[in-house]
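Dear colleague,

Please find below the structure that I am handing over to you, together with its sequence.

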Amino acid sequence: EGKIKGKKAKDLTIKEWKTNKGIVEEEIDKEEIDKEEIDKEEIDKERFTKDQIKNLLEVPSNQIYGDYSLPCFYFTKIFKMAPKLIAEVIKEKIKMMDTEGILKNLEVVNGFLNLYLNKENHIKKLLFEGRKEDFGCGKAGLAQTVCIDYSSPNIAKNFHVGHLRTTLIGNSLYHIYKKLGYQVIRINHLGDWGTQFGKLIVAYQKWSNKEAVEEKGIEELLRIYIKFSKESEQNLELEEEARSWFVKMEQGEKEALTIWKWFKEISMIEFERIYDLLGVSFDYYTGESFYMDKVPDLVRELMEKHLLSESEGAKIVDLNQFDMPPCMIIKKDGSSIYHSRDLAAVLYRKKQYQFDKCIYVTGQEQKLHFEQVFKVIELMGYEWSQNLIHVPYGLVRLQGVKLSSRTGNIVYAEDILTEAIKRALELIHQKNPNLDQPKEVARKIGIGAIIFHDLFHQRMKDVDFSWEDVLSFEGTTGPYVQYTYARAKSILKKAENKPKIDEVDVSLLSDVTTYSLLKIISEYKESIYEAANRFEPSVIARYTILLSTAFNKFYHECNILNADENLRDARLIVVDLTQEITKDAMGLLGIECPEEM
Ligand code: ARG
């Protein structure tokens, strides 16, 4: 406090301002500011934008201070004048901007500018926002291309819950960018090349056979891979043998490639099953093996640009001056590596798709890998290295352990998905035994619940998976939102008539409950932009919860079907907008909404 007292009002942070309003006002009064000195031009400058103001608006705890309030203190640092005076200037400016007559009144109280809305005009505007084509956001990405590299499981290994996360986040980003009008290219960078395939070939020849692999698929491949890891701890020759098989693969040796190709087919069958369940698809399955033969060109270019150096027989790009370990390009035995295949991949993508942005969705443990790759692209002189974006995410914890395929604590993502569907079906039998097509609805609910649970968490936060949280019909869950959608649909079905927005009396919608719902409806577009800018599907998931909660409150408090005709029609418009936006928003997460449940 003492410290704050000593500070000039304009040097305080917004938090200090809020917690010390009284003290600050005292200080301001002491500041001698000559009104004439105010440089009004400042406020017209670009840095004083509409969005900036919007973000700062607060909802006062007491309605007598308006529907919104703008703490003008924030601008004191920029404009070097007292908040009260700034508020006066902004007031005039906003008055001029309000051509639609949305504001009834503006009042300056101390450093705050309080805004009182003209509800009827505002409601019209809110409704209008909600029913714009594509909710008003279909043109943002015009003529721009985004590549999204996601899912990318590893051949011959199980599709684990980490891969489920990249698949769901990537798929949602695809829908979000698509909605904004971008051309989106979905790339599955399969882990289908690397030393591990040498290991698998050795393991297969020693401990397995055709029938076993055909019968058990990935499970068998995983079993022998784990066995290899254990055995090779004792027997170092195994590693050597594996390395030489991988070198053979790189050199195009037929026997090696035949086995590899077969393992890949076996794995793809299982991956496709998961993608089908999730409703996820890709434009290209160009995995690491696709870029293998493009690495020599990369090496040549790096050499020409004097970026390549030799280290213990390997070829590397030295990144010491950037505080990073060297980026390995070619290993001692002459083979390519994860890094060099990623470099070749991004050069190929740029040439092929001319992307404006290339996004990589992987676990955060790959942060350094992408920093290195992006750095090398920058050093190669490509200024588009700036448009390469790593979108990392946190862990999924199942009973508190991070599972690894090597330790044998294996969880298959597919098992979680089928279990979710099974449990959803049980719920349907309990709650609504007469439902049409229960299996199809169970699929939508079960899968939707898993997707929602994952995407509701902020990307970087770890996810604790528990069945109770996933499939509950209450709280922040997918089934809750789906249920709300079905409820809205059923009201519309019962209503039979479909009123037109221009024909209803919107002044009937100005009660607090309906009005709050309308505000949320009008904010849909903004949440799409925010989700895209932050690569954060959780923004949309949270939005659907806000919308559902507000709608359910409206449903319980406002009689819809039994209200007088005019009121009923006006309310039906609100129901209709809610269901439309809910379905659309869930679609952005990759979730389907059953019409009935
Ligand atoms: N296959 C890798 C893994 O499972 C992810 C690949 C991510 N994409 C990329 N271009 N490196 O960890």
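Two strands are taken to pair if DSSP finds at least two bridges between them. On that basis, this predicted model contains an open sheet of four strands, in the order β5-β4-β9-β10, with parallel pairing. Strands β5 (183–187) and β10 (388–393) stand at the edges with a single partner each, so one side of each has no neighbour in the sheet. From one strand to the next, the twist averages 20°.

Within this sheet, β4 (residues 145–149) and β9 are joined in the parallel sense over four bridges. Cys147 is placed opposite Cys358 of β9. Helix α9 (residues 161–179) packs on the sheet and touches β4, β5, β9 and β10, and its direction makes about 155° with that of β9. Helix α18 (residues 367–379) lies across β9 and β10, and it runs at about 180° to β10.

There is also an open sheet of three strands, which follow the order β1-β3-β2 and pair in the antiparallel sense. Its edges are formed by β1 (68–71) and β2 (103–109); each has a single partner strand, so one side of each is left without a neighbour in the sheet. The twist here averages 20° between one strand and the next. Strand β3 (residues 112–117) runs antiparallel to β2, and six bridges join the two. One detail of this pairing is that Asn105 has Tyr116 of β3 as its bridge partner. Helix α7 (residues 83–97) lies across β1, β2 and β3 and runs at about 170° to β2.

I turn now to the ligand. Its surroundings are made up of Asp149, Ser152, Asn154, His163, His189, Tyr338, Asp342, Tyr360, Thr362, Gln366 and Phe370. By class, the residues of this shell divide into three nonpolar, six polar and two charged. Helix α17 (338–353) and strand β9 (357–363) each supply at least two residues of the shell, and β9 is also a member of the four-stranded parallel sheet.

Which side chains have polar atoms placed against nitrogen or oxygen atoms of the ligand? His163 has a polar side-chain atom 2.8 Å from an oxygen atom of the ligand. For Tyr338, an N or O atom of the side chain is 2.8 Å from a nitrogen atom of the ligand. In Asp342, a side-chain N or O atom lies 2.7 Å from a nitrogen atom of the ligand.

With kind regards

Methods. Residues numbered from 1 in each chain as written. Predicted model: local features only at pLDDT ≥ 70, side-chain atom pairs only at ≥ 80, totals over all residues. Heavy atoms only, no water. Near = heavy atom within 4 Å. Polar contact = N/O pair within 3.5 Å; in protein donor to acceptor, adjacent residues only side chain to side chain. Nonpolar A, V, L, I, M, F, W, Y, C, P; charged D, E, K, R; others polar. Axes fitted to C-alpha atoms, helices over the stretch in contact; angles between N-to-C directions. Contact = heavy atoms within 4.5 Å.
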